[in-house]
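Subject: Structure handover

Hello,

Please find the structure below. My notes come after it.

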Number of protein chains: 4
Amino acid sequence: MRTTQFKVLEEVNLNNPIFIEALPGIGHVGKLAIDHVIDELGATKFVEIYSPYFPPQVLVGEGGVIEDMVNELYYLKAESEDDHDFIFLVGNCQGLSTEGQYELCGSVLDFVETLGAREIYTLGGLATGQPVEGDRVLGAATDEARIELLKEADIEIRSADGGIVGASGLFLGLGRLRGMSGSCLMGKTPGYFIDAEAAEAVLKKLSILVNIEVNTDKLEERAEETREMISKAQQMEQEMLNRAMGQQQPQDDLRYIG
Amino acid sequence: MRTTQFKVLEEVNLNNPIFIEALPGIGHVGKLAIDHVIDELGATKFVEIYSPYFPPQVLVGEGGVIEDMVNELYYLKAESEDDHDFIFLVGNCQGLSTEGQYELCGSVLDFVETLGAREIYTLGGLATGQPVEGDRVLGAATDEARIELLKEADIEIRSADGGIVGASGLFLGLGRLRGMSGSCLMGKTPGYFIDAEAAEAVLKKLSILVNIEVNTDKLEERAEETREMISKAQQMEQEMLNRAMGQQQPQDDLRYIG
Amino acid sequence: MRTTQFKVLEEVNLNNPIFIEALPGIGHVGKLAIDHVIDELGATKFVEIYSPYFPPQVLVGEGGVIEDMVNELYYLKAESEDDHDFIFLVGNCQGLSTEGQYELCGSVLDFVETLGAREIYTLGGLATGQPVEGDRVLGAATDEARIELLKEADIEIRSADGGIVGASGLFLGLGRLRGMSGSCLMGKTPGYFIDAEAAEAVLKKLSILVNIEVNTDKLEERAEETREMISKAQQMEQEMLNRAMGQQQPQDDLRYIG
Amino acid sequence: MRTTQFKVLEEVNLNNPIFIEALPGIGHVGKLAIDHVIDELGATKFVEIYSPYFPPQVLVGEGGVIEDMVNELYYLKAESEDDHDFIFLVGNCQGLSTEGQYELCGSVLDFVETLGAREIYTLGGLATGQPVEGDRVLGAATDEARIELLKEADIEIRSADGGIVGASGLFLGLGRLRGMSGSCLMGKTPGYFIDAEAAEAVLKKLSILVNIEVNTDKLEERAEETREMISKAQQMEQEMLNRAMGQQQPQDDLRYIG
């Protein structure tokens, strides 16, 4: 595999779909929120994305069956014909390298544009490093009009105090270059764990902005499951980092002979 | 050299060959096992693989003659015409970068598919960090049917507890995307040394699953030889890491002037 | 986005333009100086440059509107028709990788050459690690004739004592290979902060060499604004480095699952 | 600049030239030796090689004139028409990345093959970490016949105890894949300094193997000059590493905004 590949499972016709990115990130806020939406509202997977920029590995899933590193697109039809449909981007990883991030975001935008998407939401977490009190959701956007919409939804606007790293930032930036407009909703989280409260807060704000209503009762349960997956992932991550740091530990060293 | 190159030493016709990956990894379990099979059963090298994704170096072998960083394919004809032949992938390294891993695994799959391979085994080690007691081999697979076969061979199924990093994972994942099915056998090992016992355990389970019978008496001897090679390799590895970490040590620094 | 893209906002005809590079660097001396020139003299932005070699992120600007990682070209017409026009290269980042630096510098040189640029100035800082006394500006150049011009402007010539890393060096080197000549002006700076004094010193020397006269009264004010931006940037930088160093901190980890 | 570029200064016809690689490395043994040969015997530079895989920087040379990161080919005609001519590869850097090393070595081999080179010597240092006593030169080679030639020159053969990292190893490996034969001469050196004694020892052995006679009286003087250059280089190296390690020091950070 030398290039990113889109495996289309179903050809779809969507009505002015809104594209919502929710790849893994800080506190897995966005991922947790949209995995829940997909499950509760029965969104349909229609594209699998494989890429040489993903970590070179597989995961071991339930019952010993492997899981690929993958990004996926789901669609959700609006209840009314007059309303926007949705495309969700979820997965178990982001691209590893700088160039990989640009290539992946660009490829996905190419794809969702052909389906008519002109509007983007990216969901993420913002680590505070301490317990979160008060409003949990911060917003940023591609333009002033979008900022106004966020304000109308009573979302605190993030002031000029840093950046948005990875897919949640890049989709907005690269999207705007193509004339798409978008917003990023960031759930404040201590950052130490998978944060169901932050995910719930983001979902509540999202439901004001777009026509998604979802019961969040099972969100904490889902968070617990995700915590278990993350724990495994961090273990692998730690192993890779230890290797990179040169500690002579009993790990699968990709780089050497024998 | 800008791309991975396959140097074909012999054109072969194989009967529904089973592809078995055994590149260097944790405890060099897979490598040790299959190097032993190749030697004992007289498998024939028919392809050498060179790649710009391998470490930029050569090794100094016996008598001062250099050895390339290389992956190799061997074939072994089944004793009966009705049985599967075998293709083994061995070597002294894996690809260094993320993209390199994907490129190499994809290229090898392209090649073995043209020879009719539809079934994959990947052999590796699983570091426990402590002495291993009881069953030594864990299995994972691309699908439920494969998992059943592993269970029938009395192989413990690895539960959802992490991933398989590098070639042993990627061959299964990329293979499944092409409709190939496969299993990974992981020999538990403390991980601190080249583990002949883990290799023997993996070979015994493999011989139940496929038609390979091999005497393992000399496996410990081979492990000792491999330990010596590894020791040299780790020394080089350490040197490269020291360099990367910026320690001002007397090493061949590729990055600077003079 | 797979390649560097030049978004041309205005087609321009320039008279033997002098190309001046002032991307972010040590003490942000060059950036501070030329951002000030652009503002004070009313230079016009005519090209935006986007690249997959830039950091994969966006910044959050005033009022929550995102800012792309970008390099920009501005032009400034000379007051007299007989005099050189100017092209300024500014931005909020440099390329991240080795190959990215070469690709970006080469692409920009391709572009400004088509506009007739044959002469280059690169502006940077030189960290002293201690308070700076006496002359603040050091010069280096592509050839002896240029060195003479620097000496005539009473600029101290940097002796053979190291190198010029990044765009300020590479533009001179790659430019000379195309037959362009150029000079680098380096403002000595303690390096601990955004240094308006160093920027002012560089601007004063530049004004002797080329026909740019600018009031520097507001330079300290601009430095203060830049300090705030930098502070945010360093925070992000630190987060990325912490991640890379494997500290289990509450950060958006691009590399993993959930 | 997106690919490695060969700038040919003179078209030459050479008689079965021997190709000798002497890029910077441990103790700068090879570089020191061949820079001396080029100077003393008046070899002629005929190719300059520029590459996006070199460090993205320039050096500041004598009088403030910049020096490119560059590799260079020199030729030296044999005294007798019946004897081998020589091609020397020298420079102030090696490729930075794995793929860069392969690309550069492959490109140079392509080039020198068209000039008729079929025989390779690579010169390097071998760090001992302690004062060197007795024989100073170790050899390795692409084949047994070459090993015999080394033994006839009374060169100790390096036993199977590690590898040869970088250009000195890769030229032999990639050369052999094209049917070229070659040897590596490694001068043992404590590794803590630029080692004129190791360079002299390598030159003496080389003069037995090929027809190069050179007075080594000025070698120590040259070593001293090289030490000064190296000192500057290490300073830059250290700066780059500090940056990479995330220390908030006053350096030209390529990765960030302002």
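The notes below go through chain A, then a helix pair in chain C, then the cysteines.

This is a predicted model, in which local features need pLDDT of at least 70 and side-chain atom pairs count only at pLDDT 80 or more, while totals for chains, interfaces and linings use all residues. Residues are numbered from 1 along each chain as its sequence is written, chains are lettered from A and ligands numbered from 1 in the order in which they are written, and side-chain values use heavy atoms, with hydrogens and water left out.

Chain A has 6 helices and 12 strands. Here helices (H or I, at least four residues) and strands (E, at least two) are DSSP runs, numbered from the N terminus. Of its 258 residues, 64% are buried; buried means under 20% relative accessible area, exposed over 50%, and partly exposed in between, with a 1.4 Å probe and protein chains only. A contact means heavy atoms within 4.5 Å. Among the contacts in chain A between residues at least 6 apart in sequence, 76% join residues at least 24 apart.

Helix 2 of chain A covers residues 98–114. Its 17 residues should span 24 Å, and the end C-alpha atoms are 25 Å apart, which agrees. The expected span is 1.5 Å times one less than the number of residues. Of the 17 residues in helix 2 of chain A, 13 are buried. Just after this helix, A:Gly116 has a positive phi of about 95°.

A:Asp68 lies in strand 5 (residues 66–68) of chain A. A:Asp68 is buried, because its relative accessible area is 11%. Leaving out residues up to four places away in sequence, A:Asp68 touches A:Tyr50, A:Val58 and A:Asn92, and also B:Gly173, B:Arg176 and B:Leu177.

In chain C, the axes of helix 1 (residues 29–41) and helix 5 (residues 196–209) come within 8 Å and cross at roughly 65°. Axes are lines fitted to C-alpha atoms, for helices over the stretch in contact, and angles run from 0 to 180 degrees between N-to-C directions. The residues making this contact include C:Leu32 and C:His36 of helix 1 of chain C and C:Val202 and C:Leu206 of helix 5 of chain C.

Finally, how many disulfides does the structure hold over all chains? There are 0, a disulfide being a pair of cysteine sulfur atoms within 2.5 Å. The sulfur of D:Cys105 is 12 Å from the closest cysteine sulfur, in D:Cys93, so it is too far for a bond. D:Cys105 is also buried, at 3% relative accessibility.

Regards
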